[in-house]
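Have the viewer ready and follow along.

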Amino acid sequence: MRPTQAGLFRALRPLQHENPLGLPRTGSIPRMQRGLPERRKMKDVAKVVAVSSAKGGVGKSTVAANLSLAFARMGYRAGILDTDIFGPSIPTLFDLSGEPRLSSNNQLLPLSNYGVRTMSMGYLVGEMAPVVWRGPMVMKTLQQLLHEVEWGGLDILVLDLPPGTGDTQLSIAQQIVLDGCLIVTTPHTLAVKDAAKGINMFRKVHVPLLGLVQNMSVFCCPHCHHDTAVFGSNERVKALCHDYAIDLLGDIPLHQNVGDDGQRGKPTVVSEPESDRAKIFMNIAEQVAIRIKLQCQEAVSSSGTMEKASSVPKNV
């Protein structure tokens, strides 16, 4: 007599396991069981803020550099990490070059300028040398930049992310604790559409969105003093903020000096601290500091004793 399907099911039922993978019956599945790495805080860094744009060429690195310098002017121990492996910008913006030294713990030591500690792939390769790597090498280098730099104690670290919503952004969001992310866009239709993709990505990976920065919004003619929206009306940016319930933290005009300052390695917050443009960057930094509850931490002095940095932000 041939066994029926129902008979086979009854015979094998005692061998079945109600939960063969050992998954939790209630709540969410732990990250490690879902094949995701555990998020961890970066060593010796109190707060980490990412500056991102899904579209290239919107001035994201310029915003990130000026933001880190603004935090330094406010009295915080600030740093900036350039996570763009293929097109690093921080060495140029901070007028720095040369290979970083190694600490006694075999960690990379940041290069500093204008009171900000920096690290970039640009220090490890020649200025004109292309990085022709596949994904695994890029991810390995990113791991080293994230976890093998001796920052020496920072109140805040700004991450300058590469354009897009790919491996680098996902790896950073999944591996380290981000206190928030800033999205940078121009008023141009293509930039705004990609900014929406960036917003959706960071929400999907549960990274707090601190706000949006509109760069190169209007150009004021130095001769007739008439404002021209070179990249189109900012109504698209306003609509984006409304639709995604995200705050517009700053509106940076299109001004020749902002680009020139960056090209000569002395960003606007340092080169023109009293200009309206520098004040906009300072205002953005102040809003970010409030949103992430930024405070000055204790630092170890050269003598080995503990020193308390001022808990009150100060403009210098």
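Predicted model: local features only at pLDDT ≥ 70, side-chain atom pairs only at ≥ 80, totals over all residues.

Residues are numbered from 1 along each chain as its sequence is written, and side-chain values use heavy atoms, with hydrogens and water left out.

Start with Asp82, which lies in strand 2 (residues 78-82); strands here are DSSP runs of E with at least two residues, helices are runs of H or I with at least four, and both are numbered from the N terminus. Asp82 is buried but has no salt bridge. Buried means under 20% relative accessible area, exposed means over 50%, and partly exposed is in between (1.4 Å probe, protein chains only). A salt bridge would take a side-chain nitrogen of Lys or Arg within 4 Å of a carboxyl oxygen of Asp or Glu.

Beyond its neighbours within four places in sequence, Asp82 is in contact (heavy atoms within 4.5 Å) with residues including Pro88, Met119, Leu145 and Asp160.

**The nonpolar core**

The largest nonpolar core has 81 residues, and Phe71, Trp151 and Val288 are among those with the most contacts inside it. Such a core is a set of buried Ala, Val, Leu, Ile, Met, Phe, Trp, Tyr and Cys residues joined through side-chain atoms within 4.5 Å. Helix 2 (residues 60-73) gives the most to this core, with eight residues. Not counting residues up to four places away in sequence, Val288 touches Val49, Phe71, Leu182, Leu210 and Leu249.

Most residues other than glycine have a negative phi. Here are two exceptions.

| Residue | Phi | Loop between |
|---|---|---|
| Tyr114 | about 55° | strand 3 (111-113) and strand 4 (116-120) |
| Met216 | about 55° | strand 7 (209-214) and strand 8 (219-220) |

Tyr114 is partly exposed at 28% relative accessibility, whereas Met216 is buried at 17%.

**Cysteines**

There are zero disulfides (cysteine sulfur pairs within 2.5 Å). Cys181 is buried at 0% relative accessibility, while Cys224 is exposed at 52%.

Key:
Lys, Arg positive; Asp, Glu negative; His and termini not counted.
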